[in-house]
Amino acid sequence: MYLGTQLAARDDDDYRMWAQLGVKHICADPDGPLGAWNRDDLKRLRDKVESFGLELDMIQLPLPSSPIETATYPDILLAGPNRDRQIDAICTLIEDLAAVGVPAAKYNLNLIGIPRTPDEAGRGGSMNASFRWDKIDQNAAPGLAGALSEDENWERIDYFLERVVPVAEANRIRLACHPHDPYTPPGYKGVTRVLGTVDGLKKFVTMRESPYHGLNFCQGTVGEMLDNPREEIEDVIRWFGEREKIFNLHFRNIRGRKLSFMETFPDEGDMDMARSLRVYKEVGYQYMIMPDHVPTISGRDPQGVAFAFCYGYTTALLQALETY
């Protein structure tokens, strides 16, 4: 296990800062619109990252967490007329990653984005992302996807995996899918979020079984699926970790439970992150550990400082794990 980041570099000083803080492994994307990259773009990015003594471990495929209305390749999940062409573009990108030596990619299969209610005050007056089911419009109208049955949702996901997983396996590129964040009751906005439960994630990783088909395991998102995250999370980590289905780790904590939670810094939430990290080690997890979302804090560089705190906290846990 080793420290990583997915925070986009604002300028070259961010690359230097990561190197200085010991964050040597990154997930990044080339410049330009999602889906417009070619092999040369990827190579330029890799060379730039390496020029700072860093390693490009992963990119985000042009399948982000945004709602389907703004997706780069919407027809993949809408089963639209350009679905096969858009899947072909993903397959070509996987081949390009192999050609330039980037071993993994993360992605989302998201229709309704990341629903949240207004931010809430956290430690010292930070503003923290939150989700309270009783404060949301539970009868919100369906979006572009319309009313989509659970079976049809699974069929579209399987259609994608059937085409893409063999290409990933042939090129030895690990594909890490992010869970649906957060869990919402079936039918919310017309959709049942099939990757928003632990059982759904188990079904997903056993479809089109391959050592290159797994999860971008977001501990915060998984905690949001549970009735008692502190007590339940370790069994979930073990299930996916023992099957070698965790390819990237979003090391994020929450305070609360399914349908009612606030995101927190990793040291102050309900899940015992030190204990969780020990479980990741026990199951043989061997890739990046990175912050995901962070609370909004005060100061001249709120995001940079908040992420730096998370890097330091994670580094200390990793050192303690090896020492004691």
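Modeller: Before we start, a residue is called buried when its relative accessible area is under 20%, exposed when it is over 50%, and partly exposed in between. Please keep in mind, too, that this is a predicted model.

Colleague: With that cut-off in hand, is R208 buried, exposed or partly exposed?
Modeller: R208 sits in the loop between α6 and β8, and its phi is positive, near 50°, although R208 is a residue other than glycine. The relative accessible area of R208 is 36%. Because buried means under 20% and exposed means over 50%, the value of 36% makes R208 partly exposed.

Colleague: In which loop does A79 lie, and what is its relative accessible area?
Modeller: Most residues other than glycine have a negative phi. A79 is not a glycine, and yet its phi is positive, at about 55°. The loop that holds A79 is the one between α3 (75-78) and α4 (83-100). A79 counts as partly exposed, with a relative accessible area of 31%.

Colleague: Which residue after α8 has a positive phi, and what is the value?
Modeller: Helix α8 covers residues 229-242, so we look at what comes after that helix in the chain. The residue in question is E244, with a phi near 55°.

Colleague: Which peptide bond is cis, and what is its omega?
Modeller: Most peptide bonds are trans. P182 lies in the loop between β7 (174-177) and α6. The bond that leads from D181 to P182 is cis, with omega near -5°.

Colleague: Is R156 buried or exposed, and which residues does it touch?
Modeller: R156 belongs to helix α5 (residues 150-171). Its relative accessibility is 12%, so R156 counts as buried. Leaving out residues up to four places away in sequence, R156 touches I76, L77, L78, A79, R83 and L148.

Colleague: Which residues does L93 touch, not counting residues up to four places away in sequence?
Modeller: L93 is placed in helix α4 and is buried, with a relative accessible area of 7%. F247, which is 154 residues apart from L93 in sequence, is 18 Å away, C-alpha to C-alpha. The residues that L93 touches are W37, L42, I59, L61 and P62.

Colleague: How far apart in space are G284 and N171?
Modeller: G284 lies in the loop between α9 and β12 (288-290). With 45% relative accessibility, G284 counts as partly exposed. G284 and N171 are 113 residues apart in sequence, and their C-alpha to C-alpha distance is 23 Å.

Colleague: Turning to the whole chain, what radius of gyration does it have?
Modeller: The chain has 10 helices and 12 strands, and 54% of its 324 residues count as buried. Among contacts between residues at least 6 apart in sequence, 75% join residues at least 24 apart. Because a compact globule of 324 residues would have a radius of gyration near 20 Å, the value for this chain agrees with that picture, at 19 Å.

Colleague: How far apart do the centres of the positive and negative side chains lie?
Modeller: The chain has 36 positive side chains and 49 negative ones. Its C-alpha atoms fill a box of roughly 50 × 50 × 40 Å along the principal axes. Within the chain, the centres of the two sets of charges are separated by 2 Å.

Key:
Residues are numbered from 1 along each chain as its sequence is written. This is a predicted model: local features need pLDDT of at least 70, side-chain atom pairs count only at pLDDT 80 or more; totals for chains, interfaces and linings use all residues. Side-chain values use heavy atoms; hydrogens and water are left out. Helices (H or I, at least four residues) and strands (E, at least two) are DSSP runs, numbered from the N terminus. The radius of gyration is taken over C-alpha atoms; the globule rule is 2.2 Å times the number of residues to the power 0.38. Buried means under 20% relative accessible area, exposed over 50%, partly exposed in between (1.4 Å probe, protein chains only). Contact means heavy atoms within 4.5 Å. Lys and Arg count as positive and Asp and Glu as negative; His and the chain ends are not counted. The place of a charge is taken as NZ of Lys, CZ of Arg, CG of Asp or CD of Glu. The expected span of a helix is 1.5 Å times one less than its number of residues.
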